[in-house]
Amino acid sequence: MTMTETKSSEQAPENPCPKAEPQKEHEWLHKLVGDWTCEMECSMGPDQPPMESTGTESVRSLGGLWTIGEGTGDAPDGTPVKSIMTLGYDPQKQKFVGTFVASMMTHLWSYEGTLDGSGKILTLDTEGPSFTGDGGMSRYQDIIEFVSDDHRTLKSRMPGEDGKWIQFMTAHYKRKS
């Protein structure tokens, strides 16, 4: 084989990491970008009054493909909390994906979710430690809904013993002016 034959018969390898282009789903996530105030109400149990707390969140874009939200505030018991939520869209899975971590927990929450037909509600499915404290895991959903461009909610829920979803947390985010 001559040098010419060798070069022409070799095929250039495909780029294993082609440049990703933002999809319409990534554009939806961009509505999260900005600085927000937050008011949260959390139910600690059926016989206990809801606990309220406040905080802030700053959301930025990473390459137009991901959002990174950094939150600060207080847990319902008054303990200072910091959190980070990442969200993106995986065109191969055709699902929104992401993670959540917070300074008062050791669990890394992994999300997969879909946008509803109205384009206003993103439902993220995840699994985490059961509230029963038995060491088991349970299913959860975090639901982000845009009420307007400057007001969104985050609702967290889990299945009850009968399998119906029980909402235990609601947070209202208002965009800072």
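Is Cys42 buried or exposed? In this predicted model, Cys42 is buried, its relative accessible area being 12%. Cys38 is likewise buried, at a relative accessible area of 10%.

A disulfide is a covalent bond between the sulfur atoms of two cysteines. The structure contains zero disulfides. For Cys38, the closest cysteine sulfur is that of Cys42, and it sits 11 Å away, too far for a bond. The cut-off for a disulfide is a pair of cysteine sulfur atoms within 2.5 Å, and Cys42 is accordingly in no disulfide, with the sulfur of Cys38 as its nearest at 11 Å.

Strand 1, made of residues 34-42, runs antiparallel to strand 2, residues 51-62, and nine bridges join the two. Within the strands, Cys42 stands opposite Met51 of strand 2. Strand 2 pairs as well with strand 3, residues 66-74, again in the antiparallel sense, this time over eight bridges. Here Val59 has Gly69 of strand 3 opposite it. The hairpin of strand 2 and strand 3 has three residues between the strands, and in this hairpin Gly63 adopts a positive phi near 65 degrees.

Strands 2 and 3 are connected through their side chains too. Arg60 and Glu70 form a salt bridge in which the closest N and O atoms are 2.5 Å apart. Because Glu70 belongs to strand 3 and Arg60 to strand 2, the pair ties together parts that lie 10 residues apart in sequence. Both partners are partly exposed: Glu70 has a relative accessibility of 37%, and Arg60 has a relative accessible area of 42%.

This pair is one of five salt bridges in the model. Another brings Glu112 together with Lys93, with 3.0 Å between the closest N and O atoms. The link spans distant parts of the chain, since Glu112 is in strand 6 whereas Lys93 is in the loop between strand 4 (80-90) and strand 5, 19 residues apart. Glu112 is partly exposed at a relative accessible area of 31%, and Lys93 is partly exposed at 45%.

A further salt bridge joins the side chains of Arg175 and Asp150, at 2.9 Å from N to O. It too links distant parts of the chain: Arg175 is in strand 10 (residues 165-175), while Asp150 occupies the loop between strand 8 (137-148) and strand 9 (151-159), 25 residues apart. Arg175 is partly exposed, with a relative accessible area of 26%, and Asp150 is partly exposed as well, with 42%.

Turning from charged pairs to nonpolar side chains, which residues form a nonpolar patch on the surface? The patch consists of Ile84, Val101 and Leu108, which together have about 220 Å² of accessible area. Leu108 is located in the loop between strand 5 (95-102) and strand 6 (109-115). With a relative accessibility of 48%, Leu108 counts as partly exposed; the exposed class requires over 50%.

Conventions. Residues are numbered from 1 along each chain as its sequence is written. This is a predicted model: local features need pLDDT of at least 70, side-chain atom pairs count only at pLDDT 80 or more; totals for chains, interfaces and linings use all residues. Side-chain values use heavy atoms; hydrogens and water are left out. Buried means under 20% relative accessible area, exposed over 50%, partly exposed in between (1.4 Å probe, protein chains only). Patches are made of residues with over 30% relative accessible area and no salt bridge: like charges are joined within 9 Å, nonpolar side chains (Val, Leu, Ile, Met, Phe, Trp, Tyr) within 5 Å. Accessible areas come from the Shrake-Rupley method with a 1.4 Å probe; for residues, only the protein chains shown count as cover. A salt bridge is a side-chain nitrogen of Lys or Arg within 4 Å of a carboxyl oxygen of Asp or Glu. Helices (H or I, at least four residues) and strands (E, at least two) are DSSP runs, numbered from the N terminus. Two strands pair if DSSP finds at least two bridges between them.
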